[in-house]
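Please read the following account of charged side chains and helix contacts alongside the coordinates, beginning with the sequence and structure shown here.

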Amino acid sequence: MRKISKKTIQDIEFDKVIAQATVYCSTDDGKEAMARVTPSQDPKKITRSLSHTSEYLESFGSDYSIPNHGFEPIDKELQLLGIDNSVLEKDSIRRLVTLPRSMNEHIKFFQKTEEHFPELAKRTYNIELNTQIPDRVDKILDRFGEIKDDASPVLKNLRREMNAVRGQLNGSFGAALTHYLKLDYLDEIRETVVENRRVLAVRSMHRRKVKGKIMGSSKTGSITYIEPERVLTLSRKLSELEIEEHEEIQRILKELTDFMRYFIEDFEQQRKYLKHTDVIAAKAKYARKINGLLPIIVDHRELDLVDAYHPLLLVANRERNEKTFPQSIRLAPDNRIIVISGPNAGGKSITLKTIGLLQVMLQSGMLLPVHEKSRVCFFDTILTDIGDNQSIDNHLSTYSYRLKNMRSFLRKADDKTLFLIDEFGTGSDPELGGALAESMLEELYSRSSYGIITTHYTNLKMLANELPEMNNANMLFDARSLEPIYQLQLGEAGSSFTFEVAQKNGIPYSLINKAKKKVERGKIRFDKSIAALQKERSDLRRNNASLREKEVQATQRSNKLEDTQERVQQKLEDFQELYDTYQRHIQLGKKFDQLAKDFHNNKKKRLLLDELMKLVITENIKRQPKPSKKAEAKKEKGKQKQVENEVIQKVTKIRKERQASKPKEVIIEKPQHTFKLNERVRLIDSKSIGTIDSIEKGKAVVNYGMFTTSVSLEQLEPVNK
């Protein structure tokens, strides 16, 4: 006997969730199976079902797309297979062969991707590949579901002969058409088709002149349809061949049907697998719609739902482009029962239904629209008393019906029970009904049951405050605007704001004051204290939100200032580096200019080369990577100076040694050369070539293109072309 009753499923509107999920089924079998989905109490079965749905959902965002599982209804086909000597039509065979083909694709797919979908792969372990049926059908039917010519040798010969006869028939008909067209016996339409035969459209006045079989006439009688005599024999022969073809096709189909009859059990197994796959796929697609996921499943009794959404409300609000408020609630051994209080229209009933609906969905193998950190467990029994349950059929009042329902609660409740009761204790005298409700709540508490109730009764709020494993909660309400916030706050009872709401809705203050005097002072003070606490909490919440916003703004400004400071510092460092580079280039230019002047004055090439070598070595030393720390900058500078001095000393020493070891030059008198204007010349031991612009007093002005220089004729040598 199912412990989660049909009434519970109706109270929390689970049937509406099933209706929304059923839309995603692609087969009639899947839709029927989805409509029969009910919550289970078997932890292993629930966990396995949740794993199937979760893995299928993961496939949507992965590189592995699960093969298609759709198939057409096959009840009629399976029924015919169970009847001896029955013959399946081509379409029936095409529907049936879809099952093994899809099944084979799934088996091969999950063999390759078992590490990604381990639980889904297990579903295929006990199902064997069936290639016999697809291979046999492929030999007979083409991809359009028609019988192939080579389905049998007899059929192949028949169709070859039929094609030959059709060719002869078309030739004969064409000849008759041409003959009678020349005689002008035919109407403008010339020909047509009657009873699947080509006929001539003969003008009725000439019908006796055309030999053949009359097949009919037009409505006006002006045209007579005649099959020419030349094609009558061929038509009869073609008809006989068509009959033989039909008989051969029936024989082939009967043989194929008999072959498939041996696999009825395989068809049933494949159908069952694909049907359940359709249900799993529908659950996964619905989970994608409501942002559902698999929460953490625990073995002990704990229900900790974080940012939980009511799926029906979520879908409806999305269509209306409205916001949906999530709820967070926790039931654990130290907090088994929660008493929610507060004003009406604050969201208490929605919170109650959300918890119940998500629990039933979970135990039906469906994923939940909650935060991934949520923790859930399974209950053997889920009891609900939500909404107006007045029974007209049984002539029971609301209170009588609820008492009868509570009797069922007390009979079934245990430590594996989750109960959800809306407006607990209402429907009778407040004093007596509240006392009875308190006694019932104490009994449920003593049974170690888990549950949530909503109430306005003060004594139930006080009871929740006294018992250690029971806790108060309230739906937050803005004390200033008297508008609901749709957020559950644990740890405090909520005020009903009875008089405040009445005053906001225009009830005269005199009547409100008169009503206050009729109520016991203690109750007013208690409710007033709760209202004051809620108002204070509302103010604190508003202040906290303001402080958090200011803190975020301050942090953003601080980060912005730090970024600006870093950018400015970086720019300063870049400018300093650029300035140092320019200064180094200026100094290098000055040194090079000085070397040019010295060479111009003394004409000592060797000295120039030595000085240039010293300059290059010094610059290369400066280009070596420098440490980033400023503390080592001066030390490195000193090292560079020392290296520079050592280089100068070595260069000077090498120069002196070369001069000392250099043999005395033997002066060979060269033949005197007479230089002319525009003659190509160059400095001795130089590669730069110029032309002489002018000669005066033993000196020549040599033009190098970019510049000119005055040089002694003794330092020049001619350049041969």
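Helix α1, spanning residues 6-11 of this predicted model, holds both Asp11 and Lys7, which lie four residues apart, or about one turn of the helix. Their side chains meet in a salt bridge, with a distance of 2.5 Å from N to O. Asp11 has a relative accessibility of 10% and therefore counts as buried, and Lys7, with a relative accessible area of 19%, is buried as well, because the cut-off for that class is under 20%.

The salt bridge between Glu72 and Arg94, in which the closest N and O atoms are 3.1 Å apart, links distant parts of the chain, since Glu72 sits in the loop between α4 (43-60) and α5 (75-81) while Arg94 belongs to helix α6 (residues 90-112), 22 residues apart. Glu72 is partly exposed, with a relative accessible area of 35%, and Arg94 is likewise partly exposed, at 32%. What do salt bridges that share partners join into one network? Glu72 and Arg94 belong to that network together with Glu77, Asp91 and Arg95. Side chains of opposite charge can pair when their charged atoms come close, and in this model the count of salt bridges comes to 30.

Helix α10 also takes part in a contact with another helix, namely α8, which comprises residues 132-140. How do the axes of α8 and α10 cross? The two axes come within 11 Å and cross at roughly 175 degrees, and because angles over 145 degrees fall in that class, α8 and α10 are roughly antiparallel to each other. On the α8 side the contact involves Gln132, Ile133, Arg136, Val137 and Ile140, and these meet Ile252, Glu255, Leu256, Phe259 and Met260 in α10. Taken by class, the residues of this contact divide into seven nonpolar, one polar and two charged.

How values were computed: Residues numbered from 1 in each chain as written. Predicted model: local features only at pLDDT ≥ 70, side-chain atom pairs only at ≥ 80, totals over all residues. Heavy atoms only, no water. Salt bridge = Lys/Arg side-chain N within 4 Å of Asp/Glu carboxyl O. Helix = DSSP H or I, 4+ residues; strand = E, 2+ residues; numbered from the N terminus. Buried < 20%, exposed > 50% of the residue type's maximum accessible area, 1.4 Å probe, protein only. Axes fitted to C-alpha atoms, helices over the stretch in contact; angles between N-to-C directions. Parallel < 35°, antiparallel > 145°, perpendicular 65-115°, else oblique. Contact = heavy atoms within 4.5 Å. Nonpolar A, V, L, I, M, F, W, Y, C, P; charged D, E, K, R; others polar.
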